[in-house]
Amino acid sequence: MNSRFPARAILGAALLLACGSPALAAPAEAVELPSAEALEQMLHLLETQSLYRDRVDWSDVRARLSAAADDPAQQRRVLDEAATRSSGGHGRWISPRQQQARSARAQRLNAGQGAALAESPKVDARIGVLTVGPFVEDLQRSGQERHDARRTYALALQQRITALDDGTRCGWVVDVSGNSGGNMWPMLMGLLPLLQGTPDAKGALIGAFRSADGLQWWRQGEGEVRQDGTQGLRSREAAYRLRAGSAPVAVLIGARTASSGEAVALAFRGQAGSRSFGEPSAGFSTGNRPTKLVDGTTLLLTHNVMADRNGRGDGASLQPDQTTASGPDTLAAAQQWLLAQPACEGRA
């Protein structure tokens with residue numbers, strides 16, 4: 001593993017088995033495992049591509065799996081431990097039962113985004129507050145359905161900005177303190193009016209993924225966000241621009257800010273007129289790639305590190321520019337800073 005990626009604390013295995021009295025407990029659900037072909041495919045992917053693969057003795061993993069051939073529960077523990085160690089706790093195998101639960105959660109969370117976006121804590125009327133919740137990709141949907149869901153989320157977020165931008169706002173709060181992740185591109189496209197990318201020859205930089213192959217930049221365009229070499233996400237309806245052209249942005253983070261929530265915070269890091277408040281993030285600022293296995297199950301393969309527009313990022317927790325206690329104190333500190341910015345000074 002490239003030494004540029006520092007070690008992080010290794011989390012415990014993801015699977016916890018509930019125990020109870022044999023006479024009173026409900027029948028235990030069968031332990032789910034990938035098929036034999038998918039198991040070998042999964043081990044190969046983890047051993048050759050997972051970000052922290054050098055933390056695992058793969059010969060030992062295979063030996064332990066072989067020794068537990070008659071014990072599915074132990075095999076599952078070995079697999080989960082290998083996925084956890086090699087991904088820094090971020091990647092995992094998703095069983096069919098877990099996939100169903102993930103799909104239900106995705107539908108519930110994404111359907112409630114409109115109501116969540118409409119809620120704003122009481123702050124000075126000159127400040128627009130955006131609570132940016134997670135967007136969970138429903139991997140059971142078709143490619144077109146998933147694309148439509150991303151677009152719907154992004155446009156709802158951008159429409160919230162449009163509604164608030166009535167000429168009285170001089171500063172903005174982007175609250176990702178409760179954002180545990182999902183797909184980052186709908187979040188970034190929704191926030192395009194507030195992002196001011198750093199110009200370069202190919203567009204405007206807002207962040208990057210870093211791997212052994214170097215930096216793959218995230219860029220913003222007219223109604224578009226993308227990673228170099230990919231199509232990204234775009235819509236002609238997502239090209240709104242603030243009345244003032246630009247404005248200061250306070251980003252709220254905390255212990256529940258993880259994965260794509262951390263990507264949003266990184267996209268604002270290094271932007272002129274942006275400052276973060278709160279507590280250190282969860283520490284999963286790495287990229288997952290959903291990989292379909294031969295048996296139809298999914299491996300979330302952690303394969304790169306997130307970085308800001310200046311190429312800074314180590315996969316660990318993000319530290320806020322100003323540390324505050326979680327809750328109202330964070331929002332109060334952000335408001336105080338925003339109202340002291342030139343864009344807000346002198347505005348009634």
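Beyond its neighbours within four places in sequence, threonine 302 is in contact (heavy atoms within 4.5 Å) with Gln49, Ser50, Leu51, Ser87, His90, Gly91, Thr286, Gly287 and Asn288. This is a predicted model, in which local features need pLDDT of at least 70 and side-chain atom pairs count only at pLDDT 80 or more, while totals for chains, interfaces and linings use all residues. Residues are numbered from 1 along each chain as its sequence is written, and side-chain values use heavy atoms, with hydrogens and water left out.

Threonine 302 belongs to strand 12 (residues 298-307); strands are DSSP E runs of at least two residues and helices H or I runs of at least four, numbered from the N terminus. Threonine 302 is buried, at a relative accessible area of 0%; buried means under 20%, exposed over 50% and partly exposed in between (1.4 Å probe, protein chains only). Its side chain makes a polar contact with the side chain of asparagine 288 (2.4 Å), that is, a pair of N or O atoms within 3.5 Å, one able to donate a hydrogen and the other to accept it, where residues adjacent in sequence count only if both atoms are side-chain atoms.

The largest nonpolar core has 40 residues, of which Leu188, Leu191 and Leu194 touch the most other members. Such a core joins buried Ala, Val, Leu, Ile, Met, Phe, Trp, Tyr and Cys residues through side-chain atoms within 4.5 Å. A second, separate core of 18 residues includes Val61, Val78, Trp93 and Leu301.

Tyrosine 240 is partly exposed, at 24% relative accessible area, and its side chain makes a polar contact with that of aspartate 165 (2.7 Å).
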